[in-house]
Each structure stands twice: as structure tokens, then as C-alpha cells.
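Here is a walk through a two-chain model.

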Amino acid sequence: MDVTVEGMLSSSPSLFFNRLMSVYGPVVKIHPVVLASIGDSYERRNEGASRVIGTLLGTIDKHSVEVTNCFSVPHNESEDEVAVDMEFAKNMYELHKRVSPSEVIVGWYATGFEITEHSVLIHEYYSREATNPIHLTMDTALQSGKMNIRAYLSAQMGVLGKTVGVMFTPLSVKYKYYDTERIGIDLLERTRDAPNTTNGLTSDLCQVGGAAGRVQDMLATVLTYIEDVLSGKQTADNSVGRYLMDLVNKVPKITAEDFETMLNSNINDLLMVTYLSNLTQAQIALNEKIVVL
Amino acid sequence: MATRKETPSTPTAPMASTSPGATLDSPVKQIQIEGLVVLKMIKHYQEEGQGSEVVQGVLLGLVVEDRLEITNCFPFPQHTEDDADFDEVQYQMEMMRSLRHVNIDHLHVGWYQSTYYGSFVSRALLDSQFSYQHAIEESVVLIYDPIKTAQGSLSLKAYRLTPKLMEICKEKDFSAEGLKKAMIGFEHMFEEVPIVIKNSHLINVLMWELEEKCTVADKHELLNLSSSNHLEKSLQLLMDRVDDMSQDIVKYNTYSRNLSKQQQQKHQYIQRRQQENAQRQTRGETPLPEEDVSKMFKPPQPPPRMDTLLIAGQINNYCQNVKEFTSQNLGKLFMAEALQGHNS
């Protein structure tokens, strides 16, 4: 009696359906910390559990739902019944509310590829907690080779009065980062490239060097593209051309003397500050030695 | 489960330096953090920390040989005035109990705090870290610097109190003599523990997916040339601290001057007494009773040295940060010069 669109989806290629992703319903903006949390709770699941579920917290806007936090909820699932620890969910929500009072329950998540019948029941519970909850699935078992992070909204369907069912309509998923989050993610991305998956935090000048290296790589890519276009290997794209024009215009035009003065004054400032801080450090070291005498 | 090592803290333990990589005389030689913890800390500061300056939270994890693995964390709510009866301990206990249900490591291994331009060396931090380290041998405090992070690279440092400082805090002997005995300098208050970030394979897969799906452009804050704002603020804080320090020094100077003056007075008084006694003896009278000199001249209170130590440590920290910042900026300026020279 419960029909899910997911069943229909599994046959069609996901790329085609992504294009069709309806604009009905809010856009879901997810922060990376939520996904990392879900992955972590999946790794820590109990023996025998095939998936984990949990609550999503965040803020609701007019056209979007921003998911900023989550916590996992213990549950038991078997062939014919499902039990979710509601008390636990309520308690955890209270505790979380103490820290960030602006976060509300916006939905729930489940790992796994499909939406099962049990999901419908759980979704019903969550509709009591929040208006129009969203359901997020993340395929941590990588059944299709990808993680397939999807979000759904439930809608009633069927003939009024007679067989009523629930349909999960997909929503478009975007990722939202704070600036600092993006920097954190950059660092994490760099750790995954190391063979042993561990990495220390580099220090000062190495970081500048690294950043400069990255810009250099990007410039190299742009240059190869331009050369390809010039030699006719690739057709020129006007929008890219406009971006390139913007890029070139952004370099400020400064006369040599002005630049010299700017550079020198900046360098002088920095050198003076370095000198002062060294002096201060020497001073306090001296002070300590004198006191100990 | 976690293995806890009990290292006896002897007063003659060798001093630990603050440079990471040197041999640390502590049960924890390295810290391994999961990416999840980093993201949670960033999010916590971003959402709740904009008003006040400091956000705090608890670190959970376990100890594996000489490594401290931090696998999860949860934030602490702010101290608000209208929440007077808020029970922190209860919040913590409930949180840890609930996390145990979902198989998250519920062992307390430390705490984290955000900092404003590197000003975290304070009495409060010392006390908190002391009580943590006293209860749990391997605990650390993670200092997250959001402003430095926003400038381009994650700034996360882990600190522990050196065994010497632990000794002093235990005895609560903060006077000058106590510190002199222990030979503690401001550089030996905290020891920094090196950090590595480790992610499980599943999280690594997630990172790959995010990278290809996410279209947030890289902003390259690290290559930003403007420095005056940051320098100004850092120098302002440094100046304030140096002012505090100089006041402290003045206090100490007056104290030592008073002390020496008093010594002189004592000497004179004793001498006069002796002279009088000698005179009286020659005249055949009974000598005056020996009065308790120390009661008459009460020695002045020596000023507490702990604050000075903390201020010195803080100044040292500021200077280090400023130097790091200037070295980076010098590099960037020279790079800009090279590019400009190339163009013209």
C-alpha cells in the first residue's frame, strides 16, 4: 500500500533524474559536519544493525532548509517491526538546545540506499516533532559506488477517502560551507591524499608556499585551455572569455614608484613589529632571570 | 578499552621544552584527531561564538599507548546570567550517558576552547587544565584560533601543563620562593603536543564526493596581502599585557624596597637595643627584656608571582604569533614584488 518513488528511481539512471529534481519544496543546504557525523555514527553502529537513523537539526528559511547539526538515535529494526528510542531523541534534543537555542528539528536521516516501509513509520513520528520534516539518505555502504546523498519530502498521495499512501518527493541538495569550514575541509582533503591517512598541520611559510603552488596549478590549467583555443583544438566559450577578461582586469595598474613605496612601507612595518616582539621577549626573559636571583 | 598510565610526577623530572617533536616527558606524545572533531569545533565557534569571545567544549576519546585519540566532542553551553541554576555537571553527565548509547567513546580526555588573537594564558585556563590533568593524567586542552583559521589555515594547538607546574599548582604555593624553588620560567608552563589528523576511510570517501559536488570557490585567503588590521589588534593586546607587566614589576620593586628598608630598620633597632643593654649593664641595671623583633616589624606581603608568570607567558605567546604572521606576510610581499618586477 505504501508506494515509494525510490522504487521507480532505482531503475532509471540517477543522472537523468537529477536533472528532473523538482523545484517543488525547499532547497536543502547541508553542512559537511552533518555528513561526517552520519558517517561516524554508521561506523559505530551496533552489531547486526544494517543502518542507523538520527535526527537532523537546523534552521528553516522561506525557501530552504539549512541542516547544521545532527545526532544519532538508537533504534532496532527487524523484518516486521521497528522500534525507535523516542525518549532518547527528546533528551538529546533538549541538551542540544541548551547549546544552540536557534536550532530546531528539521527532519531525520537514515543510512542506506532505499527508502523502506519502516522509513514511513519513522517519518510519521518525525512529522509530529516538526512541520514537514525532510528525510535525508546517505548510502554509506556505497552500493552504487557513490554516496548518493539525497533528501526527500513526504507528500500524501492516492485517492481521497480510499487508499492513501505516502510518497517521498526528492529535493535538491546543496552544500553550504562557512569560510572556516571550507578551510577545515581543505585540510582534511589534504590528509586523505597521504598514503597513511595521517597528516600534521604545517607551519607558516610552508602554507604560503602551498597556497602559491595551488594558484600556480590553476594558472597552468587556464593557460593550457587558452593555448588549446588559440591553436583551434577547442572551441572558444564566450563566458569563459569574459571571465578571463575579468581576471586580467583585476590586476591593478600601479606605477613602479608607487609600488616601491607601498612595498617598502609594508616591509618596514613588518620588520619593526618583528624587532619589537623580539625585544619584548628578551625583556621578559631578562625580567625572570633577575627576579630569580 | 582505554589504558591509563600513571606516571609518578617527581619534582626532579626533567623540564620539557615547548617545541613539538622534542622529547616530552609526559604520557602523551602525540594527539590524533578525527576530522569530525575539527568540523564540530569550527561549527561551534561559527554559530555560537560571535558575541562573546570564548566557546568551550569537552573532548572525548581514548588513550592508545602514547597517543591520545580524540574521536568526538560536544560543546558546552554559554554561561548566561539568567541561567543561574544551570547545572554543568548534570549536562555533562547526561550528554555522556546518551552518547554511550550510540557507541560513541564516552571517555573524557580533555577540553577545547576558542581564543581571541591568541590570548588564552589566563588563571581560569590554568585552573581548569590543572583540575583536568589532576583527574585524568593524559588530558589536553585544544586551543582553536578562529581568526587565524579565517586567514587561511587551520590553527589548532594542544597544550598540557608541565609536571613542574602541576607540582606547584598542587601545593598552591604561588609565592616567589615557591616558584624560585621549582625553577619555572614562563616558557616551561605549557608544553605543546604535536597533532595529526586522521580520518577513517569512509570519511575519506565522503571528502572525495564533497570535493566533486561542491562548487564553493576557493577564496585563497592565505595569499591575502593586507596585514595592518591583524597587526594592529595583536599589537594592541600586546601593549595591554606589557602595561600589566610593568605594573606588576613596579609592585615588585616597591615590595623589595620596602623589604630592604624594613631590614635596615630591624638592624638599627637591634643595634640600639644592644647598645642600651650594654650601657645598662655598665650602670648595673637589669637589661631590658629582649622583645620579639619580628612581631614589631611585620614583614610586608610578598606579591604573588603567579600572575606575573601568566602575563609573561601570554606576552611570549603574542610575540610568537606576531612573528609567525610577519614572516608569512614578508614572504607574500616578496612574492608580490617578484611578480610586479616580472610584469614591468
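The rule finds one salt bridge across the interface of chain B and chain A. A salt bridge is a side-chain nitrogen of Lys or Arg within 4 Å of a carboxyl oxygen of Asp or Glu. Lys43(B) pairs with Glu103(A), their closest N and O atoms lying 3.1 Å apart.

The model is predicted: local features need pLDDT of at least 70, side-chain atom pairs count only at pLDDT 80 or more, and totals for chains, interfaces and linings use all residues. Residues are numbered from 1 along each chain as its sequence is written, chains are lettered from A in the order in which they are written, and side-chain values use heavy atoms, without hydrogens and water.

Contact (heavy atoms within 4.5 Å) links 97 residues of chain B with 85 residues of chain A. The two chains bury about 8300 Å² between them, 66% of it on carbon and sulfur atoms. Buried area here is the accessible area (1.4 Å probe) that two parts lose on being put together, summed over both. In chain B, Leu39(B), Ile197(B) and Leu202(B) lose the most area to chain A, together 8% of what that side buries.

Now take Asn287(A), in helix H9 (residues 256–292) of chain A. Helices are DSSP runs of H or I, at least four residues, numbered from the N terminus. Asn287(A) is buried, at 14% relative accessible area; buried means under 20% (1.4 Å probe, protein chains only). Leaving aside neighbours within four places in sequence, Asn287(A) contacts Met245(B) and Ile249(B).

Terms used: Helices (H or I, at least four residues) and strands (E, at least two) are DSSP runs, numbered from the N terminus. Buried means under 20% relative accessible area, exposed over 50%, partly exposed in between (1.4 Å probe, protein chains only).
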